Amino acid sequence: MINGHKLVYLDSASSSQKPSAVIDAMDAYYREYNANVHRGIYTIGEKATAEYEKARARVARFINAPDSHEIVFTRNATEAINLVSYSWGRRNISRGDVIVLTEMEHHANLVPWQILVQEKDGDLEFIPITDDGILRLDVFEVLLRLKPKLVAFTHVSNTLGTINPVREMVEMAHAAGALVLIDGAQAVPHVPVDVQELGCDFYAFSGHKMLAPMGSGALWARRELLEAMPPFLAGGEMIREVHLRRSEFNEIPWKFEAGTPAVGDAIGLGVAAEYLQALGMDAVREHERDLVAYALEVLPREVPAIELYGPLDPDLRGGVIPFNLPGIHPHDVAQVLDRFGIAVRAGHHCTMPLHERLDLAATARASFNVYSTREDIDALAGGLMEVQKVFNV
Ligand code: C6P
C-alpha cells in the first residue's frame, strides 16, 4: 500500500518491477552457489560460471543473436553505448567524420557521441522529428549523402513512445556505407527484437527495464566488429596473458568484461529473458498496444484538458504516454498522483533536446509493462481529476 492506496505503478519505462522467477534465481545464486566466475576450480565456482554463461546464451536467444559470444554483459544500456563510443569510436572516428543521431535520443545515446566528436573533431547531425514525434526519413536520406561513419538511434522513444522504422533505417544507413547502433533500452521489454532480422551492427539495452535486476544489461555486436575493437576497460578477466610491459587480451566477449562481473544480476537477466520469451513478445506487444489505444481513448475523454504528445496511432507507439495538464507543473501532477498511490515520472526524462524541440519545459509520463492493466489507466484518469481539483483548474 502507498499512502493508503494500492500501488499503481506507471513508471516502467524508468525501471520495471521484477517477477518472482528473477528474484528467486538471484536468491538461489547468493544462497547456494555464490562464487566468482571463470576462476574457482571447485563445485560452486564451476556452477556459478556455468549459470553465468547460460544467462549469456539465454540473452542471445532472446534477441536472436547468431552467437552467444557476441553478447557482452554491461551494467546497463548507457555502459553498452559508452563501450562502443570509447572502443569502436576512438579507433574509427577521426577529423571531419559524421555521426548521425536523432532529435529524440535519450542522453545515453547522445552525450557519449558528443564527447567523441569533440575529442576527434568530428560532426554530429540529427534526424529531425515531426510535431507528433515521427522521424523525418526524407531528411535522413539527405543526411546520408554526408557519408556518415555511424548512425545511432533509439528503437523506441522513452519519451514519446514512437516505435521507429528501424529495419528500413538500417537498410538506408548500410546502403550509404554507415554502421548502425540501435539503442534498444525501451524496445527489448516491449516488442519482439531479432538482431539478425534488423540487420544492425550494435544493439544496446538495459536489463532493469525488462524485468531483470538493476545493474544488468548487454551489448550485442557482430563478431567481426567486437574482435576488431580494442578493450574498453582493462584488468583481470579480460586478459589471456600478462607480462610486465605487455598483455594479450582474452577472446570475445570476455575481452570486454574486465574485473569480477555482476554474476547474480546476469543470472537474473537470463531468467528475465526466458520469462519474456515464454510470455511471447508478440503477445507482450499486443497487450501494450491495447493499453496505449485504451489510454489514448480514455484519458482525453475523462480529462478533456489533458495534452498528449507523441504519435496518435497506437500501431506506431510503445507503452509510453507523455502528457501535461495545462497550468500545473508536471512535478506537481506527479506529487499529487503519488498521494493516491499512482507512480508516474515527471521532468525531461533524460531527453532535454527533444523537450526543447517540442517547446516543452517538462512532461509527466505514464508507462507500461507486462503487468500493467486497463484498471491502472482508469486509476490514472481518476487521479488526474483529483489533481485538477487540488489545483482548481
Ligand atoms: N531511460 C527513463 O525513465 P540506463 O539508465 O543505462 O539503464 O538506460 C539509459 C537509457 C537509454 N536509452 C533509452 C531509450 C532509455 O529510455 C534509457 C533510460 C529511463 O526513460 C531512465 S532515464
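Mentor: A polar contact is a pair of N or O atoms within 3.5 Å; within protein, one must be able to donate a hydrogen and the other to accept it, and residues adjacent in sequence count only if both atoms are side-chain atoms. This is a predicted model, where local features need pLDDT of at least 70, side-chain atom pairs count only at pLDDT 80 or more, and totals for chains, interfaces and linings use all residues. Residues are numbered from 1 along each chain as its sequence is written, and side-chain values use heavy atoms, with hydrogens and water left out.

Trainee: What percentage of the ligand's exposed area does the protein bury?

Mentor: R365 has a polar side-chain atom 2.7 Å from a ligand oxygen. Taken alone, the ligand exposes 500 Å² (accessible area by the Shrake-Rupley method with a 1.4 Å probe). Of that, the protein buries 90%.

Trainee: Which strands stand at the edges of the open sheet of four strands?

Mentor: The order is β11-β12-β15-β14, with antiparallel pairing; strands are DSSP runs (E, at least two residues), numbered from the N terminus, and two of them pair if DSSP finds at least two bridges between them. Each edge strand has a single partner, so one side is left without a neighbour in the sheet. They are β11 (307–308) and β14 (345–347).
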